[in-house]
Amino acid sequence: MLFIKSFHVRLASSILSILLVTTFSAIGQDQLSRSKTENLYKKGTELVSHSNFSAARVVFSDFLKYAAPTDARRADAAYFIALSALKLGHSDGEKLIADFISHNPSNPRSATAYFDLANFFYAEKEYTKAIGYYSKVNFAGLSQDQQVEGYFKWGYSYFNQKKLDEALEKFNAVKLQESQFAPAANYYAGFIEYSKGNYADALADLKRAEANASYSNIVPSLIASVYYKQRKYDELINYAASLESRSAQISNYSEISMLVADAYYYKRDYTKAAAAYEIYLEDNQAKAENAMLFRAGFANYSLGQDAKAITYLKTSASRQDSVSFYASYYLGILYLKQGNKQFALNSFNHSKGYTADRKLAEESTFQYAKISYDLGKSDVAITEFEKFLVAYPASDHSVAVRELLAQAYVNGNNYNKAIEYIEALPRRTPSVDQAYQKATYLKGSELFNKDDYANAVSFFEKSLASPVDPKYVALASFWNGETYSIGSRFEEAIPFYQKVLMIPSAEAEVVTKTRYGLGYAFFNLKQYDQALLSFKEFVNKSNKAGANYADGVLRLADCYFVTKAYPEALANYEKAQQLKTPDVDYVLFQRGVINGILRKYADARTQFSTLISGYPKSQYRDEALFQRAQFEIEQSNYAVAISDLTRLINEGSQSGSRFLPYAYERRAASNYNLKAYDKTIADYETVIKQYSSHPVARQVLLPLQEALSVAKRSDEYDQYLAMVTNANPGGKDLEVINFESAKNQYYNQQYAKAITSFSTFLTTYPSSAKLAEAKFYVAESHYRLLEYDKAMVIYAELENDPTSPNANKIAGRIAEIQFKQGKYTNAVVSYHKVERFASSKKDLYTAWSGLMESFYLLAQYDSVTTYANLILEKGNVNAGAQNKASLYLGKAAMAKGDYETAKDEFLNTLNTARDEYGAEAKYRIGEIFALSKQYKQSNETLIGISSSPEFSVYDEWVGKSFLLLADNYLAQGDAFNAKATLESLITNNFPLQYIRDAAADKLKKIAADELKEQQKVKSDTTGK
């Protein structure tokens, strides 16, 4: 029993021991487990507090492995795991937070989980997600600090997404709280309110933000802008003054100074405004808004500080917005004040285009039209005045416009418009008639200068039909006489010349020119007594230094000659020679003839010999040889005569002298007198064979018959008679009728019909003496129809026909066509033939002028100079000839780079040229100044072309002058006036398309260059 008991005791004791061991073991294990989870949890929280989220996630994951299911901390651990994943940017972070909230809805941390999630995305700048989670936060469950933080960050997220109303609501919940977020909330709230125009609220919020050191240097520019928007200019000025001591620290302080400048401007304190603008714009002009540039300009304009005003306004005017139109207007006013009417014109041309402001457009249009009138741009002025009256019939300027329009007509600066306008009027006042008289006279003058004589006459006669001003009666009468004279209609010219002499108040210069023209008209009509009286009056009363004085003396001598007053003729020829007339060869010839007539053969021989040896290219040389021989014949010096005639024949055969048939005939007669009958017969035979249709051929038949008889060769006579008879058929009335009919068609300008008729004539009458003449008219008809190739074939054939009439004209036509076709080398050869065949001054001028132009286009400038000087010395056919020659002297010098000589020659041209040559000369002077970078002088010269009544009618040179003006302005850095000049050519529809196209191309280039510059400024400003 004891054993059993003992066993039981031992068993019980063992069991107890086991139980104790087990119990203690379990207790130990539990204690150990709790200690581990405690440590893990503690470590995890420490890691979270130190933002070591990677380790924290591992530790809390281990914690969950060991923590009892009933451990209350498991939820917190799950939260920290989710938070760590979120902070680490793990892909499951957002889901773990959502799962935590779902599984632990009553856990206190669920209330802040969305808050933490929102803050996380806020920190990551994923504002859209942040907004979504802030909207899920139960803000009531947050602490006060958390609520302030949450509302601020929520508001900022909205702000970042430009949802300003929502942002403002959140900032409003924060801005009045005592928190670290309040200053920022006030700043952003103030900014939103400012942008929405709630300036009072914005000012209150921004003022609160300014009190914080973080915003004290950021907010002032916004506060100043609020005052500016509220138009509280005094408050703005005072506020800006309070900032001056710390201006260096304030952000965008320059913007505040800009607003202060504007404040002074709007208070009309232009003195302070101008000073403030100058300070701001010194460093900020490139980025300044155009409206501010305008205000700076206007402030200086109001103070009379014109130079500064122009600087700002010009920059503003060059911008592409509505403000530029206002800037242009005031810029125009300033340019007017300076007397720079061309720049003013450009400015008003721009501002008048702003039709959105009717008053601005009206004022600008009036100024533009008025300045155009002042500058002599009559076409533009009249057009603008007329448009003005239509567009602004009730304008205060209407009366002034009508007066200016009337003055434009009276002054005749735009006769094309004036004539059209006046002829359409139902009634005319005396002043309108006077305008019409001058306008039609000027139109006639323009057409005269363009060689359109038929239309020139019609306008001169229109002018004479309104004889209000005696000055223009005299001028129109004179030029009408000149026009008829050029057309060789001298009978019609004479009454107009005589009308000038009947006007007591006619200008002396016009009267002098009239006597000269009248003298020539009578002279050409062979009314030498009347011509003598006119030339005598001209010589007695004209300026001896005048261009035509020597020529007048020469023509007076001619009149004495033809009226057989030989002593007086000789005296005047000698006087003309002393005056160094360019026609010395002609004077020598005439003196020789007169001395021969007076039987002063020795003197005659001296004159002729001087001419022959001293002037080898003279058109009178062949005749001098002939006349010298003739006078030797008169003295029975037949051998001497034969020597001269042989020389004439030898030289003349090379040049095609018109004296050849006469020389053969005279030499034959001289040989007959010396009983050299075979030589006599040979010369007569030459006349008949080579010149069978020439009148001399018929004249030599009788002396030939006599010579043949003396030489016992009478049987040969019939063959010579037959040659002459065949070449000069008579009694063919129908042939004459057909020829004259075809010729009438030609003169009636029915050129196609004339070609057909003459071609039929050539086929019908192949042996006609008029074959060459008929071919000439066919060629002329092709020429008139501009069928140059067809004309050239016939001219070339006629050129090689010694019996052809009009040899000089044929050579001239060939040269002219070759020139027009650009065959300048060939033209030179042909113009030399014209020179050789010339029988008048006009022919010589045609040759020399053609040679001058051809050599210029061949870049043979020394030859250009040679022929230009010849024209000036001997080819003074008319003023236009002199002007053209003078111009080409300048062009040749300019082409060689001799600008000083070129300028002198162009100035010489301008001294007399009021025609197209003068317009080009003025342009070339402007061009030389531009090439020399003397832009001011160039601009003044070029502007003078369009402002000149004489030159403004020549569209080519007016257009080119504007294009060069634009280039000059660009070279001077004045893009505004360059663009305005080019735009005026386009907007005013300049009459020449190629000028408008060139202007458009230049504008495109300027625009492209400006765009590049703007992009550069933008890049420099942004640093990108």
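Tyr 520 is partly exposed, with a relative accessible area of 22%, where partly exposed covers the range between buried, under 20% relative accessible area, and exposed, over 50% (1.4 Å probe, protein chains only). Phe 535, in contrast, has a relative accessibility of 0% and counts as buried. The model is a predicted one, in which local features need pLDDT of at least 70 and side-chain atom pairs count only at pLDDT 80 or more, while totals for chains, interfaces and linings use all residues. Residues are numbered from 1 along each chain as its sequence is written, and side-chain values use heavy atoms, with hydrogens and water left out.

Rings of Phe, Tyr and Trp (its six-membered ring) pair if their centres lie within 6.5 Å, and planes under 30 degrees apart count as stacked, over 60 as edge-to-face and the rest as tilted. By this rule there are 87 aromatic pairs. One of them joins Tyr 520 and Phe 535, whose ring centres are 5.4 Å apart and whose planes stand at 85°, so the pair is edge-to-face. This pair links distant parts of the chain, since Tyr 520 belongs to helix 27 (residues 508-524) and Phe 535 to helix 28 (residues 528-541), 15 residues apart; helices here are DSSP runs (H or I, at least four residues), numbered from the N terminus.

Phe 819 and Tyr 824 also pair edge-to-face, because their ring centres lie 5.3 Å apart with the planes at 65°. Of these two, Phe 819 counts as buried at 18% relative accessibility, whereas Tyr 824 is partly exposed at 22%. Elsewhere, ring pairs link a cluster that includes Tyr 228, Tyr 265, Phe 294, Tyr 330 and Phe 348.

Charged side chains meet rings as well, a charge being over a ring if NZ of Lys or CZ of Arg is within 6 Å of the ring centre and within 35 degrees of the ring normal. Lys 770 lies over the face of Phe 739, 5.0 Å from the ring centre, and Arg 813 lies over the face of Tyr 783, at 4.1 Å from the ring centre.

In soluble globular proteins, nonpolar side chains tend to be buried together. A nonpolar core is a set of buried Ala, Val, Leu, Ile, Met, Phe, Trp, Tyr and Cys residues joined through side-chain atoms within 4.5 Å. The largest such core has 254 residues, and those with the most contacts inside it are Phe 152, Phe 171, Leu 281 and Tyr 573. Leaving aside neighbours within four places in sequence, Phe 171 is in contact (heavy atoms within 4.5 Å) with residues including Phe 152, Tyr 156, Phe 159, Tyr 188 and Ile 192. A second, separate core of 25 residues includes Tyr 783, Tyr 788, Tyr 795 and Ile 814.

Two loop residues complete the picture. Asn 107 is placed in the loop between helix 4 (93-103) and helix 5 (108-123), and is buried with a relative accessible area of 15%. Not counting residues up to four places away in sequence, Asn 107 touches Ala 75, Asp 76 and Phe 100, and its C-alpha atom is separated by 7.7 Å from that of Ala 75, which is 32 residues apart along the chain. Asp 583, in the loop between helix 30 (566-578) and helix 31 (584-597), is likewise buried, with a relative accessible area of 12%. Beyond its neighbours within four places in sequence, Asp 583 is in contact with Asp 551, Leu 554, Lys 841 and Lys 874.
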